[in-house]
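Here are some comments for your next look at the coordinates. Please read them beside the structure.

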Amino acid sequence: MIRVSGLSKAFGAQQVLNSISFQVASGEVLAVMGPSGTGKSVLLLHLIGLLSPDQGEIEIDRARVDQLSEKNLLSFRRRMGYLFQDGALFDFMTVQENLAFPLREHTALGAVEVHARTTDFLRMVDLSGAQDKYPSEISGGMRKRAALARALILEPKVLLCDEPTSGLDPVRSRDISLLIRDLAKRMGCATVITTHDAVNAFRCADRLIMLDRGKIAAQGSESDLRSSPEPFVRAFLEDCPVAGEKKGATDAKR
Ligand SMILES: Nc1ncnc2c1ncn2[C@@H]1O[C@H](COP(=O)(O)OP(=O)(O)OP(=O)(O)O)[C@@H](O)[C@H]1O
Ligand SMILES: [Mg+2]
């Protein structure tokens, strides 16, 4: 579903990404990890065509993202769900109106159907009851869940989440991680999350990539990463406890 090969990107003299390659299948969750400033967000921005590579290819759902015209990129992005680092809900709309917005813009659904669909998705992320609140009236974890529901409301084939646990306490971080995993599996989305939160990356992802100075320092499952001989990877994971639970993520609440 997602295929990235040989992706390189520099800003001036700074080589941020240096020949990165990976693939993500439908329903699979990939976590891109690495310390702050290693190019995780830059990588995601390439996947939605907000940055174009100096070298390399990006193919999503058989479209070459790096070759799409601006016009085609707009319709392409409609088929992707993305969750920005800060959630980015519209402050002047209620939670339910935020979810309804993409449906009104991009589908021909009538008011009754929009209401039914948004109510369904609010239930899915455990926000029934908060539908009439404004983003400023709900907690950070609730805002993340509302933004996640909005990202998924058009039923995209691809879900991209930039730092889904940043700014959340450990319990809410765990819950949003399990929720992303659960929804990706249920909806069959090829999913990429970026994070420096290794505990929750292990909870959420099927496969992980560790970036270091523009290159992939290690990749694979949790145990592959934990047994990596790379000193950088070992240092990154040194204090990271084994996450434990992963499957059966349907009761992600709070
Ligand atoms: N548009 C841009 N122009 C110039 N430099 C940029 C631009 N976007 C990102 N960079 C640089 O690229 C590097 C990687 O940035 P990026 O935001 O991808 O890091 P990150 O891994 O997502 O970090 P964090 O964990 O803090 O979110 C940084 O040094 C940043 O300053
Ligand atoms: Mg970032």
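1. Strand β4, residues 55–60, pairs with β5 in the antiparallel sense over 2 bridges. Alanine 63 in β5 is the bridge partner of isoleucine 60. Keep in mind that this is a predicted model.

2. Check serine 19 in strand β2. Its phi is near 60°, a positive value in a residue other than glycine. Most residues other than glycine have a negative phi. Serine 19 counts as partly exposed because its relative accessibility is 46%, and the cut-offs for that class are 20% and 50%.

3. Glutamate 155 also deserves a check: its phi is near 55°, a positive value in a residue other than glycine. Glutamate 155 sits in the loop between α5 and β7 (158–162).

4. Which side chain of opposite charge is nearest to arginine 145? It is aspartate 126, 4.7 Å away. Arginine 145 belongs to helix α5, residues 140–152. Arginine 145 is buried yet has no salt bridge; the cut-off for one is 4 Å, from a side-chain nitrogen to a carboxyl oxygen. A polar atom of the arginine 145 side chain does lie 2.7 Å from the backbone oxygen of valine 125.

Note on methods: Residues are numbered from 1 along each chain as its sequence is written. Chains are lettered from A and ligands numbered from 1 in the order in which they are written. This is a predicted model: local features need pLDDT of at least 70, side-chain atom pairs count only at pLDDT 80 or more; totals for chains, interfaces and linings use all residues. Side-chain values use heavy atoms; hydrogens and water are left out. Two strands pair if DSSP finds at least two bridges between them. Helices (H or I, at least four residues) and strands (E, at least two) are DSSP runs, numbered from the N terminus. Buried means under 20% relative accessible area, exposed over 50%, partly exposed in between (1.4 Å probe, protein chains only). Lys and Arg count as positive and Asp and Glu as negative; His and the chain ends are not counted. A polar contact is a pair of N or O atoms within 3.5 Å; within protein, one must be able to donate a hydrogen and the other to accept it, and residues adjacent in sequence count only if both atoms are side-chain atoms.
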